[in-house]
Amino acid sequence: MRSLIIILAILPVVLIFVAQNRAAAQASPPVLAFYYAWFDESTWTSGQAADTPSPTYRSADPAAIERHVGQANGAGITAFVQSWYGPQVENNQTETNFRALLDIAAGHNFQAAVDVEVMGPFFPDRASVQGALATLMVTHVQHPAYLRYQGKPVIFFWRQQRFSVEEWVQIREAVDPARTTYWIAEGLDLSYQAVFDGHHLYSIAWAGDPYAELSKWPSQLSQVEAALGVDRLWVATAMPGYSDLNLSRANAFYRPRENGAYFRQTWAAAQATNPDMIIINSFNEWLEGSQVEPSATYGDLYLNLTRELTAQPGMVGEPAGATQPPGETPQTGNEPSPPAPEAAPYEGPTRDYSVQPGDTVYGIAERFSLDPQLIIALNGLATPDRLSIGQLLLIPESPDEGDGFSEETEEGYETGAKEDGALPLLPPLSPASDPLPSGAF
């Protein structure tokens with residue numbers, strides 16, 4: 001009887017504790033990380049990677065995939081979002097490796113989703129993208145380890161600006177008319193939310209103030225929701241740093257890691273927006289130096305920091321200044337000398353361009369094969385997402401050549417690693433094709 005009385009006395013406390021923890025877990029946004037599956041031994045000897053993993057690996061090695069899943073899972077990451085070139089198997093390890101990733105994830109209570117590379121080398125036209133999505137809907141999306149949010153599979157997109165909103169309406173109606181999945185667009189053009197279900201910025205390293213940049217998006221998305229009468233998902237981006245200085249890009253830049261302070265800052269900025277999901281850029285984008293995977297330079301520092309940050313789901317508010325985290329010592333001797341984080345200044349010839357109806361900085365950049373950050377810097381655009389019809393912009397006379405191309409894999413195609421304004425290799429457009437529509441980064 002005494003035991004029963006004690007149990008009855010403490011039962012309400014236990015139930016309250018369980019309920020509070022369940023509510024906290026539900027309030028915690030899932031943490032995702034961009035993942036890349038096109039590396040091999042040549043990557044680490046090419047001199048292009050900003051750092052090297054410890055240990056080095058081939059992306060096709062199941063042991064490497066399993067190690068990555070275990071590391072991410074242990075650091076509080078919910079799922080990998082892997083760049084995907086479509087279902088073609090031949091010469092396309094993004095497909096074969098994603099299959100392996102799903103099967104391995106299933107054994108670790110982990111999830112994975114695709115980031116559809118709309119500009120990928122196996123997508124010569126709209127029909128090929130539509131066909132790939134149709135295949136995705138009946139294959140990977142049905143896998144038990146495929147990422148789901150609120151019960152629905154999530155599909156990310158890179159460079160959906162290749163096609164117009166109207167074209168995406170037709171694609172969506174053809175492959176997912178019942179809206180059984182969440183489609184997440186990227187970039188600065190919210191007009192795509194007329195057909196997509198959510199939005200994210202792939203990178204925020206280009207922003208001078210990550211907090212100011214991220215904080216403006218929820219309100220803008222709310223305006224879209226009010227106009228459309230539907231809810232949209234917001235996926236906030238956090239980054240540990242950035243460096244593509246080894247890729248010989250004309251607009252290459254470096255965002256210092258500051259011994260973890262930048263990661264803390266962007267994480268706090270992302271949390272402050274009350275996102276539906278947070279995505280880390282990246283787990284292993286070695287060519288752009290944004291990885292949290294253990295490395296030769298930093299060891300487990302950033303994996304451990306990820307674990308620390310994901311264990312604080314309630315952290316909100318304006319991020320503190322970039323200060324050295326307690327108990328950590330600065331890294332020395334391996335980081336590149338930090339130039340200004342903005343794009344390198346352009347000193348070549350320019351010409352005037354008059355903004356036309358429907359123009360965006362990113363559409364103009366696509367049209368003239370330029371980096372959007374170059375146009376922004378050249379014209380001192382404080383609000384590049386707001387152009388006026390007739391506004392005169394300075395445009396470089398000659399586009400930078402070779403910008404944005406990454407290492408060639410053993411299979412013989414370009415990886416097309418993402419960065420602000422960079423496009424993967426594509427088959428040339430036919431003379432009858434329209435210029436690519438507005439893009440973003």
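L387 lies in the loop between α12 (372-379) and β13 (392-396); helices (H or I, at least four residues) and strands (E, at least two) are DSSP runs numbered from the N terminus. This is a predicted model, in which local features need pLDDT of at least 70 and side-chain atom pairs count only at pLDDT 80 or more, while totals for chains, interfaces and linings use all residues. Residues are numbered from 1 along each chain as its sequence is written, and side-chain values use heavy atoms, with hydrogens and water left out.

**Around L387**
- L387 touches V355, D359, T360, V361, I364, L381 and L393, not counting residues up to four places away in sequence; contact means heavy atoms within 4.5 Å.
- The C-alpha atoms of L387 and T360 are separated by 6.7 Å, with the two residues 27 apart along the chain.

**Nonpolar cores**
- A nonpolar core is a set of buried Ala, Val, Leu, Ile, Met, Phe, Trp, Tyr and Cys residues joined through side-chain atoms within 4.5 Å, where buried means under 20% relative accessible area (1.4 Å probe, protein chains only).
- The largest such core has 84 residues, and L133, I155 and W168 touch the most other members.
- A second, separate core of 19 residues includes L188, W206, L221 and M239.
- Leaving aside residues up to four places away in sequence, I155 is in contact with V114, V116, L136, M137, V141, Y146, T181, Y182, W183 and I184.

**Helix α6**
- In α6 (residues 165-175), the buried residues are V165, W168, I171, R172 and V175.
- These residues cover an arc of only 115 degrees around the axis, which puts them on the same side of α6; the arc is that of the directions from the helix axis to the C-beta atoms.
- Among the elements covering the buried residues of α6 are α5 (126-138), β5 (152-158) and β6 (182-186).

**Helix α10 and its packing with α9**
- Helix α10 (residues 301-310) has 7 of its 10 residues buried, so α10 is largely enclosed by the rest of the structure.
- Those buried residues are L301, Y302, L303, L305, T306, L309 and T310, and they pack against β1 (31-35), α3 (62-74), α9 (261-272) and β11 (277-280).
- The axes of α9 and α10 are 11 Å apart and at an angle of about 30 degrees; axes are lines fitted to C-alpha atoms over the stretch in contact, and angles run from 0 to 180 degrees between N-to-C directions.
- The two helices, α9 and α10, are therefore roughly parallel to each other, a term for angles under 35 degrees.
- On the α9 side, F263, R264 and W267 meet Y302, L305, T306, E308, L309 and T310 of α10.

Note on methods
Buried means under 20% relative accessible area, exposed over 50%, partly exposed in between (1.4 Å probe, protein chains only). Angles under 35 degrees count as roughly parallel, over 145 as roughly antiparallel, 65 to 115 as roughly perpendicular and the rest as oblique.
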